[in-house]
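Here are my notes on this model, written for someone who likes to know the cut-offs. Have a look at it first, then read on.

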Amino acid sequence: MTTHPVVRGVHHIKIPVSDLERSIAWYCSVLGARRIEEFDHVSQDGELFAVILDVPGVDVPLELRLDPATAGRLAGFDPLTFTARSRAELDGWIRHLDMLGVAHSPVIVALMGHLLVFPDPDGVRLRFYTHEPHGLSREHVNFTSPWLRPDTVPGSDAWPGQTPAIETGVRRSGGPAGG
């Protein structure tokens with residue numbers, strides 16, 4: 001019988017960015033992150049190429065690494081999902097994102113809970129998923145939202161200023177969406 005080593009957790013999360021200063025400002029403003037300057041990554045030439053952020057509520061550090069090519073390739077992809085306790089907490093994030101002028105999805109009915117998606121300055125999508133289940137059946141899950149597809153850019157109806165609504169796979173009239 002072969003045994004294997006045990007994974008002990010996640011050490012840190014790394015997100016590629018095209019403009020380090022812009023991304024630092026954005027992550028600090030939007031997520032309330034704090035830069036830990038003692039862990040700045042500086043090349044031998046004195047060039048800052050990565051920073052470590054402490055994000056309130058996240059148990060591991062977040063690294064922003066200057067890598068424009070990778071950041072561009074990841075635009076539309078959603079590598080990181082944060083936890084929100086409830087739909088009410090998600091509504092609080094919507095108000096916060098709206099106040100900052102950050103584009104975001106409407107609340108999406110996902111498999112188990114509600115989901116909110118928003119892009120960082122490079123278009124990498126970050127998400128909040130509720131820990132609290134919504135209790136809806138699978139027929140209400142919105143698998144077709146453009147916010148869930150990396151090859152699509154959501155339309156203008158997904159931008160701030162829109163009244164937050166639950167986006168489902170069912171039209172308000174009860175028929176299937178997209179029909």
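1. Ground rules. This is a predicted model, in which local features need pLDDT of at least 70 and side-chain atom pairs count only at pLDDT 80 or more, while totals for chains, interfaces and linings use all residues. Residues are numbered from 1 along each chain as its sequence is written, and side-chain values use heavy atoms, with hydrogens and water left out.

2. Fold. You'll find three helices and 10 strands in the protein; these are DSSP runs numbered from the N terminus, with helices being H or I of at least four residues and strands being E of at least two. Along the sequence the order reads β-α-β-β-β-β-α-β-α-β-β-β-β. Of the 179 residues, 36% count as buried. Here buried means under 20% relative accessible area, exposed means over 50%, and partly exposed is anything in between (1.4 Å probe, protein chains only).

3. Salt bridges, and one that spans the chain. Side chains of opposite charge can pair when their charged atoms come close. The cut-off used is a side-chain nitrogen of Lys or Arg within 4 Å of a carboxyl oxygen of Asp or Glu, and the whole structure has seven such bridges. One of them joins Asp-122 and Arg-22, with closest N and O atoms 3.1 Å apart. Asp-122 sits in the loop between S8 and strand S9 (125-130) and Arg-22 in helix H1 (residues 20-31), so this pair ties together parts 100 residues apart in sequence. Asp-122 is buried at 14% relative accessible area, whereas Arg-22 is partly exposed at 37%.

4. A strand-to-strand bridge. Arg-34 and Asp-54 also pair up, at 3.8 Å from N to O. Because Arg-34 lies in strand S2 (residues 34-35) and Asp-54 in strand S4 (residues 48-54), the bridge ties together parts 20 residues apart in sequence. Arg-34 is partly exposed, with 49% relative accessibility, and Asp-54 is partly exposed too, with 32%.

5. Which residue does Glu-89 form a salt bridge with? The partner is Arg-85, and the closest N and O atoms are 4.0 Å apart. Glu-89 is partly exposed at 28% relative accessible area; Arg-85 is exposed at 66%.

6. Strand S6 (80-84) and helix H3 (87-100) each supply at least two lining residues. By type, the lining divides into seven nonpolar, two polar and two charged residues.

7. A nonpolar surface patch. Leu-111, Met-112 and Phe-143 make a patch of about 340 Å². Patch residues need over 30% relative accessible area and no salt bridge, and nonpolar side chains (Val, Leu, Ile, Met, Phe, Trp, Tyr) are joined within 5 Å. Areas come from the Shrake-Rupley method with a 1.4 Å probe, and for residues only the protein chains shown count as cover. Leu-111 belongs to the loop between strand S7 (107-109) and strand S8 (114-119) and is partly exposed at 46%.

8. Thr-130 is in strand S9 and is buried at 4%. Val-117, in strand S8, is buried at 0% relative accessibility. Its C-alpha atom is 8.8 Å from that of Tyr-129, 12 residues apart along the chain.

Technical notes. Ala, Val, Leu, Ile, Met, Phe, Trp, Tyr, Cys and Pro count as nonpolar, Asp, Glu, Lys and Arg as charged, and the others, Gly among them, as polar. Patches are made of residues with over 30% relative accessible area and no salt bridge: like charges are joined within 9 Å, nonpolar side chains (Val, Leu, Ile, Met, Phe, Trp, Tyr) within 5 Å.
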